[in-house]
Structure formats: C-alpha cells, structure tokens
Amino acid sequence: MCKPLGLVAVIVLISACASLEKMQHSEQPSLAQAYLPHFLMGAAIDEDSYKTHEALLVRHYNSLTTENEMKFEHMQEVEGVFTFDTADAMLDFAEQHHMAVRGHALVWHRQTPNWVFVDDSGKVVDRAMLLQRMQSHITEVMTHFKGRVDYWDVVNEAIMDDGTLRTGEEEAEDQRSQWYAILQEDYIAEAFRMAHAADPEAKLYYNDYYNHLPARQDAIYALLKGLLEKGVPIHGVGLQCHLRMVQAQDPSHEAYYQSPENLEKAIKMYASLGLDVQITEMDVSVYEAGKTYTPDTFYTPETLGPGPIELQSKRYGEFFAMFRRNSHLISSVTTWGIADDNTWLSEFDSGRQDFPLLFDLEHKPKPAFYRLMEF
Ligand code: G3I
C-alpha cells in the first residue's frame, strides 16, 4: 500500500510543480503576443525539451523548429528505412498549440549518413545514383509531412567564410560537402526543384550562418540571384544568427563584424531579390569570438555575474530593434533553444557551459527577455 501511495504523492507533487510553473509563466507578458505585429517568434526544440519546457513554449512562442530530429540521419539512418515517429510527435505538439513549423534540414554536409555517398562496396557513387537518393529522401520526407511543415530549409550552409562554395576538398573533414564533391554546384538547384515537386505548397528556404561577413553576404546574394534567374523555386532565405560577445575594435577580427548594421545589410540585400527573410537560429553566447578560454575561465552559474548577462541583453536588444525596423522583410525570428539549461553551445565544447538564450537555467526570464519587451 505504501509504495503506490508514495508514487501517487510524487506524481501529485510533479503536477503541482508543473502547474505552478505554468501559473508563473502565465503571469509574464507573452513574447509571441508582443511580436505578433512584427513576425513569428520561434524556438528550436528537441525530442525532450518540448515536454520539459512546455510552459515557456506555449506562452512565448508561435513557431517551432526541430533542432536535430528532421535531419537526414534521423529521417533515414538506414537506406530506405524512414523513421518519422519522433518528429511526428513534435509536430503534433506544434499543431495542438497552433504553432508554425520550420522543417530543418533536407540537404546538408553534416548529420547525413555515409551510405548516401557510397555503394555497397564502399566506392563513391556516381551523379545519377546520388541524385536518385537525394530525390527519394526529399520526396519521402516532404510527402510524409505535407501540410504540417510551413517552411523547409532545403539546403543548409553551402557557402564558406571566404565566399567560395563549400566543396569536398575543405581542410577539416567535418567541413567537406560530399553533395558538392559528386554533384558540383547544381546540387543546390536540384534540391529545390525536387522539394517543390514533392510539396508545391511548402515555402522553401536556403539557410546559412555568419551573414554579417561581407564575403558571405556577396556570395549568398549571388547564389540566390542565380537560382532565381534560372527559375529555381526558392521563396526565402534563413539567417542563422549565432552571435557572440563583441569586444574587438579591429575590423579584421571575426567578432567585429557581428553587428546589427552588418546583418541588416544582408537582410536588405537578400530581400531586394523578392525573397522572404527569416532569422532561424539566434542565440547570443556569453563568450567572446576569437578568444581562447580554458576550464578555469569558463563561466559557471556562480562566476557568470551580471556583466556578460547585461551585455547579452544589450546585444539582443540591438538586434531585435533592427529586426523590428525591418519587420516588413522578416516573417519569423527563431532562437536556437528555449532556456539556458538546454543549448547546443553547452554540449559542444565539453565542460564549457554557455548561457545564450532568453530564459535562465530555471526557466525564468533573463534581462534580455525584458529588453525585448521594451518597445
Ligand atoms: O543523439 C546522440 C546521442 O544518442 C549521444 O548519446 C550523444 C553523445 O554525444 O550524441 C547525440 O547526438 C548529438 C546531437 O547533437 C543531439 O544532442 C550529436 O553528437 C551532436 O553532433 C549534435 O549536435 C547538433 C549539431 O547541429 C550537429 O551538427 C546540435 O544539437 C544542433 O544544435 C546543431 O544545430 C546546427 C544547425 O542544424 C545548423 N546550424 C548550426 C547549428 C549549431 O551547430
């Protein structure tokens, strides 16, 4: 008798905590509501976070992106075997709460299983075989999600920092694109044509990072313009917007260029082509770009202090002011995660905790959140 009663008590306690969290959040002004006149407010979710962060999502967001669960390796890890269950459950949640959905990402050089590029004997496949595999993947996935995904990142990260196309020859292995190595540049156009054929209603995006860098801006603009001139079906461009702290005064420093003005230039350039713009993966790391950190200089919740969090709030504020100024060109702004207890930035560099989002480790609004509500 004692055990089931104990269990009941735990369940009651958990539901009480969940309701308390919901109540606390329902007292906050809603981000999505405040930004309704401007653009959709999105968050990237993973297979757990849409449950663990439900109260925040429902209160503050009206658009969702699956962080990893719709990538090639999740959809088709083994050739011909498609696994949709996890993503389906996430989209059920989005539908239940009337949220828009961004599908991320169909063709990318990362998180794509090796079988895609080789035959049974391990030999690199030819052009015809890779196009057939690309078509089968795009068609199966988009047909399955037809009517449930509003925007698709069809091609992700095809450009390098110097403005050249990402090839199969990049120095670092994880930077190489086998898509390009086998199909050359027109893998991009082919992917968009296949996507449009699979779901003519879906809005199709090209997505990339570091759009503040002049060389990237020019190259992405030229790529998009070329696609449009060839009549390739493309509707928009996604700017990822992974930001760091800026301290550098030196224009050659990577961090120098991450300013609202530089990103605004990219937004205006791309939009001048008649494309929709979405900010697709925003976060603001508390670390400076280009600076080396060692474990003794990593921030912890205890050592973080108000300095970086205030600077972060200022950065969010300045970028969002620019987004609002350009809201006639921007249809959604998505943060890459929800709260600081679940961010790719803390997962990547083992041991280096980051605090890049609008809600803290306990899901409470941070100064950046309040800054975004002041306008
Ligand atoms: O799922 C496995 C898990 O089973 C295993 O135990 C664990 C051990 O490392 O790894 C888990 O997979 C990790 C996965 O994230 C889920 O956490 C992968 O190793 C890790 O590589 C993967 O990282 C993702 C990264 O893309 C991969 O390129 C990040 O979560 C995800 O946020 C990040 O997202 C990208 C966008 O798609 C494109 N733009 C840049 C952005 C940030 O890098």
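# Close-up views of a predicted model

**View 1. Around the ligand.** In this predicted model, the ligand has 16 residues around it, and the closest are Glu67, Asn68, Lys71, His104 and Glu281. Let's zoom in on some side chains. For Glu67, an N or O atom of the side chain sits 2.4 Å from an oxygen atom of the ligand.

View 2. Start with the peptide bond that runs from His104 to Ala105: it is cis, and its omega is near 0 degrees. Ala105 belongs to strand β3, which covers residues 100-107. His104 has already turned up as one of the closest residues to the ligand. Now move on to Gln111, which you'll find in the loop between β3 and α7. Gln111 is not a glycine, yet its phi is positive, near 50 degrees. Why point these spots out? Because most residues other than glycine have a negative phi, and most peptide bonds are trans.

**View 3. Helix α7 meets helix α9.** Here helix α7 (residues 127-144) and helix α9 (residues 187-198) cross at roughly 35 degrees, and their axes come within 9 Å. The crossing is right-handed. On the α7 side, the contact is made by Leu131, Met134, Gln135, Ile138, Thr139, Met142 and Thr143, while α9 brings Tyr187, Glu190, Ala191, Met194, Ala195 and Ala198. Sorted by class, that contact of α7 with α9 holds nine nonpolar, three polar and one charged residues.

**View 4. Helix α10 alongside helix α11.** Next up are helix α10 (residues 214-229) and helix α11 (residues 260-271), which pack at an angle of about 15 degrees with their axes 10 Å apart. That angle is why α10 counts as roughly parallel to α11. As for handedness, α10 and α11 cross in a right-handed way. Look for Arg216, Gln217, Asp218, Ile220, Tyr221 and Leu224 on α10, which make the contact with Asn262, Lys265, Ala266, Met269 and Tyr270 on α11.

View 5. Helix α12 spans residues 306-325, and its axis comes within 10 Å of the axis of α11, with a crossing of roughly 30 degrees. So α11 is roughly parallel to α12. The crossing of α11 past α12 is right-handed. From α11, the contact uses Pro260, Leu263, Glu264 and Ile267, and from α12 it uses Glu318, Phe319, Met322, Phe323 and Arg325. By class, the contact of α11 with α12 has six nonpolar and three charged residues, and no polar ones.

Key
Residues numbered from 1 in each chain as written. Predicted model: local features only at pLDDT ≥ 70, side-chain atom pairs only at ≥ 80, totals over all residues. Heavy atoms only, no water. Axes fitted to C-alpha atoms, helices over the stretch in contact; angles between N-to-C directions. Helix = DSSP H or I, 4+ residues; strand = E, 2+ residues; numbered from the N terminus. Parallel < 35°, antiparallel > 145°, perpendicular 65-115°, else oblique. Left-handed = near helix turned anticlockwise from the far one by under 90°. Contact = heavy atoms within 4.5 Å. Near = heavy atom within 4 Å. Polar contact = N/O pair within 3.5 Å; in protein donor to acceptor, adjacent residues only side chain to side chain. Nonpolar A, V, L, I, M, F, W, Y, C, P; charged D, E, K, R; others polar.
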